[in-house]
Amino acid sequence: MVRDVKVLPMLIRRRYREGASLAVVARELGVSKSTVQRHVPVQERRDAQNAALQRHRSRAQTPYEQALRAQVVRLYGSGMPQQRVAATLGISVEAVVARLEPSQRRSKQETARLAVEQQGDLLPQEEIVARYVQGATMTELGRLYGVHPTTIRRRIPDHLVRPRSRTPQPRPRTRRMLVDEEVRRRYAAGESAYALAREFGVSVHTIRARIPATDWRGRPAGEASAPPPRSAQTKSGGVRMMLALSDEEILTRYRAGQSATVIGRAVGVDCRTILRRIPEDERRTHLQAQRLNRPAPDADADTIRTLRARGLTWEAIAARVGLSAKTVRARA
């Protein structure tokens with residue numbers, strides 16, 4: 001540390017003019033930065049840009065910085081990516097980039113090519129060849145190791161590459177032998193034709209052919225689909241659809257309580273076609289149709305609230321009144 005107050009200002013100005021920064025001068029002479037700055041003339045002080053550049057140059061001349069820069073250049077030049085260099089040296093990626101000259105940095109294309117080569121070097125070539133010989137395809141191996149099939153192709157010798165026509169095809173799914181007695185027995189026990197067809201690997205029609213007509217659980221004869229409606233010309237020249245039921249029979253069923261949807265399903269037409277056969281003064285309102293189609297008309301809001309106050313759940317109330325839990329909540 002310099003103790004002479006007359007020599008100190010001269011040493012400070014000389015070292016500062018030689019290019020040393022304020023911090024370097026203060027460290028060398030054992031004084032503070034404010035002391036160094038006070039003895040440097042205002043007209044000789046560097047601006048912010050030049051001061052930052054001088055700090056960078058001063059830092060680059062230290063033994064630690066020179067050794068760190070040499071390690072960054074050596075590791076990056078060996079093919080190691082910037083992220084791995086930063087993790088190896090314990091610094092940030094930005095610090096790695098700052099210590100590389102523009103001419104030393106790799107382009108994006110070269111970086112991508114090098115990454116693919118390094119990823120391919122980590123692949124177990126012997127294992128890949130063994131799996132390929134056993135029957136695995138290049139696409140399957142690429143999906144297994146997370147690379148493109150072309151990368152797998154480069155690891156397989158040319159004399160082992162199979163032509164496309166000789167690529168082993170997946171084995172067909174084994175199906176159970178269709179036994180008529182077993183199909184009839186299991187269908188009579190309650191299994192559906194769809195479940196049997198799915199298990200034996202056949203269509204529902206094949207299962208239907210094995211079951212006698214008397215045992216087939218199809219649509220009852222009374223609900224068989226009606227023949228398609230025909231069109232007839234009216235007196236006014238228009239075209240009116242001819243249904244399997246007359247207008248009088250449709251009105252009789254409607255008055256008996258059947259809905260237009262049920263009648264239309266039996267005839268094979270839309271419910272709106274049925275409603276056009278019914279006079280407007282006899283058509284039910286939406287509330288009347290809802291009460292007719294929904295059971296338990298006595299389960300009003302007061303009854304449901306009373307049962308709810310007793311501690312019954314929505315499901316228990318629905319089971320008691322014969323409605324769904326959703327309808328019970330809506331009525332409450």
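A salt bridge is here a side-chain nitrogen of Lys or Arg within 4 Å of a carboxyl oxygen of Asp or Glu. The model is predicted, so that local features need pLDDT of at least 70 and side-chain atom pairs count only at pLDDT 80 or more, while totals for chains, interfaces and linings use all residues. Residues are numbered from 1 along each chain as its sequence is written, and side-chain values use heavy atoms, with hydrogens and water left out.

**View 1. Glu315 and Arg329 joined by a salt bridge.** The side chains of Glu315 and Arg329 come to 3.8 Å, N to O. Because Glu315 belongs to helix α20 (residues 314-321) and Arg329 to helix α21 (residues 325-331), the pair ties together parts 14 residues apart in sequence; helices are DSSP runs of H or I with at least four residues, numbered from the N terminus. Glu315 is partly exposed at a relative accessible area of 49%, and Arg329 is partly exposed at 42%, where buried means under 20% relative accessible area, exposed over 50%, and partly exposed in between (1.4 Å probe, protein chains only).

**View 2. The salt bridge between Arg210 and Asp180.** The N to O distance in this pair is 3.1 Å.

**View 3. Asp247 in a salt bridge with Arg277.** The closest N and O atoms of Asp247 and Arg277 are 3.6 Å apart. Asp247 is partly exposed at 30% relative accessibility, whereas Arg277, at 12%, counts as buried.

Conventions: Helices (H or I, at least four residues) and strands (E, at least two) are DSSP runs, numbered from the N terminus.
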